[in-house]
Amino acid sequence: MKNRSFLLVTPAIAVFSLLFVLPFIYFFLISLWKIKFFKLVRDFNLVNYEKAIFNYIEIFITTYSVSIPVAIITTVIGFYYSYLARFKTGKFGSLMIFIALITLFGGYLMKIYAWKTILGNEGIINSILIYFHIIKEPLSFLLYTKHGLVITFVHFLLPFSILPTYAAMRGVNEIELDSMKDLGAKFYHVHFMLFFQRCRTGVLASFVFCLLITSGDYITPYLIGGKITFIGNMIAPKFGQFFDWPGGSAMSFTMLVISISIILIVSFLFKLTDPK
Amino acid sequence: MIINKSISIIFAILLSFFLISPIFLVVLFAFTDRALATFPINSFSLKWWIEIFNHRQFASCFFNSVIIGLSVAFVSSITGTMAAIGLSKLPTKTASITLAIISIPIMLPPLVLGIALLSFYVSIGMKLGLHTVIISHLLFTQPFVILVVYARMVTFDYSVIDSARDLGASPFKAFITITIPIIQPVVIGAALLAVALSVDDFIITFFTIGAGNTLPTLVFGMMRTSLRPSVNAIGTIILLMTISSSIIALWITRYRG
């Protein structure tokens with residue numbers, strides 16, 4: 001019986017192994033190879049990692065100076081949104097979740113494009129403000145700046161943050177919230193921390209997803225970021241116009257290692273704040 | 001207390017508005033007369049729609065997107081449903097660990113997946129085309145199908161199957177006549193989510209398609225050069241495909257987060 005059940009999972013695991021595990025092992029090996037006369041040459045050295053770290057350190061700093069705030073802001077807003085939908089808005093709550101779900105499945109590129117038309121000098125915000133004579137000159141700090149980049153990322157990632165936090169909150173009911181108060185969690189922050197800890201897995205899932213996706217994105221910086229360059233903008237051309245797979249692979253793995261380290265630190269901090 | 005409540009409602013409305021309005025604006029400006037997305041809107045027109053329907057690449061991109069979306073949905077709903085049924089019979093811990101591992105591709109940046117797959121296909125000598133896009137999309141649609149169907153399977157009442165078996169049905173017959181009709185709506189819902197995810201994907205498609213185009217890769221090419229409302233028109237078509245299939249899917253599966 002058990003063996004038959006495993007048998008049913010095999011096609012899915014085959015897809016996963018053949019198209020994820022295998023390509024990823026190969027992709028990692030490439031990072032140790034080199035390019036000679038426009039051909040991949042098998043090798044074993046860490047030169048590509050050295051280059052990835054020392055030549056691109058500033059770009060890594062830019063990438064994470066945007067993606068860490070984005071992951072925090074998105075998680076905080078997503079947590080608040082889920083909290084409102086779960087406890088504060090009654091029937092409107094399920095509509096809020098429905099809105100989050102349909103924006104989740106609709107339009108990666110179109111969301112970025114939408115913000116480009118909203119934030120631009122001749123964009124929607126500026127044209128409305130000028131039309132109502134609130135400003136005379138268009139606000140130029142919106143598009144091609146960090147602000148615009150953060151807004152676009154937060155908007156795109158918010159549904160991905162709402163779903164796990166809301167799922168975690170579904171396990172907490174109002175009675176439990178009230179009993180936390182009654183049992184002596186009188187101080188507001190203790191009350192909040194207890195609730196927060198109950199939703200820890202959801203919050204962490206949101207942070208992890210937002211950080212990994214933001215730090216690895218290159219389309220949003222390309223279209224919205226102006227002069228701001230992410231590490232992804234350096235990686236992508238190495239698989240297109242500049243043939244440098246080993247370099248791009250080493251940069252990708254460096255990025256993943258940095259992101260995972262940040263995630264480990266954050267989840268450690270989470271454990272520290274546990275009042276239990 | 002009442003003030004507290006109304007502050008909550010105001011924030012709820014503002015945040016919902018923040019989520020939905022950019023998508024609404026993309027659709028709205030697909031129907032305006034002017035070449036720039038600015039207020040006030042003087043008059044509405046369908047000229048951008050005529051422009052894209054006459055675009056020489058539009059039809060082929062549209063069909064590529066449809067072919068990829070449907071094939072991905074077909075395959076991933078089969079492998080995903082099988083896996084979900086199998087996992088639902090295993091201990092919860094084994095099932096959730098397997099689910100977490102199979103879901104790793106969703107968590108990774110699409111750029112990394114795209115370039116890893118590209119270098120893999122090229123080095124094993126596979127020609128790039130629609131088929132490489134289809135198999136690549138399985139990686140991130142399959143986990144969604146498994147999650148949705150698994151959520152249904154854990155509440156599945158196996159006593160119906162047992163009754164059928166007691167009454168003499170073979171396991172196969174019981175599966176065809178009982179299990180399939182019961183889980184069919186959820187599977188269709190999951191397949192529609194797979195369509196939405198596949199049609200929406202740009203980055204992985206971009207790296208694994210080779211020379212062809214889909215609607216998102218076409219729209220990206222147009223976006224780089226201009227902000228004309230014809231981009232909004234194609235965007236509206238993509239949104240129509242992804243949002244309508246996900247709304248139907250959510251409605252069928254009654255999935256609520």
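How many residues does the contact take from chain A and from chain B? The contact takes 68 residues from chain A and 72 residues from chain B. The model shown is predicted.

**View 1. The side of chain A that touches chain B.** Helix 1 of chain A, residues 2-30, gives the largest share of this side, with 15 residues. By residue type, the side of chain A that touches chain B has 49 nonpolar, 14 polar and five charged residues.

**View 2. Chain B as a whole.** Chain B holds twelve helices and zero strands. Its C-alpha trace spans about 70 × 65 × 30 Å along the principal axes. Of the 257 residues in chain B, 47% count as buried. Take the contacts in chain B between residues at least 6 apart in sequence: 78% of them join residues at least 24 apart.

**View 3. Helix 7 of chain B against helix 9 of chain B.** Helix 7 covers residues 130-153 of chain B, and helix 9 covers residues 171-200. They pack at an angle of about 155°, with axes 9 Å apart. Angles over 145 degrees count as roughly antiparallel, so helix 7 of chain B is roughly antiparallel to helix 9 of chain B. The crossing of these two helices is right-handed.

**View 4. Residues in the contact of helix 7 with helix 9 of chain B.** From helix 7 of chain B, the contributors include His137(B), Phe140(B), Phe144(B), Val148(B) and Arg152(B). From helix 9 of chain B, they include Ile183(B), Val187(B), Gly189(B), Leu193(B) and Leu197(B). The residues of this contact divide into twelve nonpolar, four polar and one charged.

Terms used:
Residues numbered from 1 in each chain as written. Chains lettered and ligands numbered in written order. Predicted model: local features only at pLDDT ≥ 70, side-chain atom pairs only at ≥ 80, totals over all residues. Contact = placed C-beta atoms within 7 Å. Helix = DSSP H or I, 4+ residues; strand = E, 2+ residues; numbered from the N terminus. Nonpolar A, V, L, I, M, F, W, Y, C, P; charged D, E, K, R; others polar. Axes fitted to C-alpha atoms, helices over the stretch in contact; angles between N-to-C directions. Parallel < 35°, antiparallel > 145°, perpendicular 65-115°, else oblique. Left-handed = near helix turned anticlockwise from the far one by under 90°. Buried ≥ 20, exposed ≤ 12 C-beta atoms within 10 Å, placed from the backbone.
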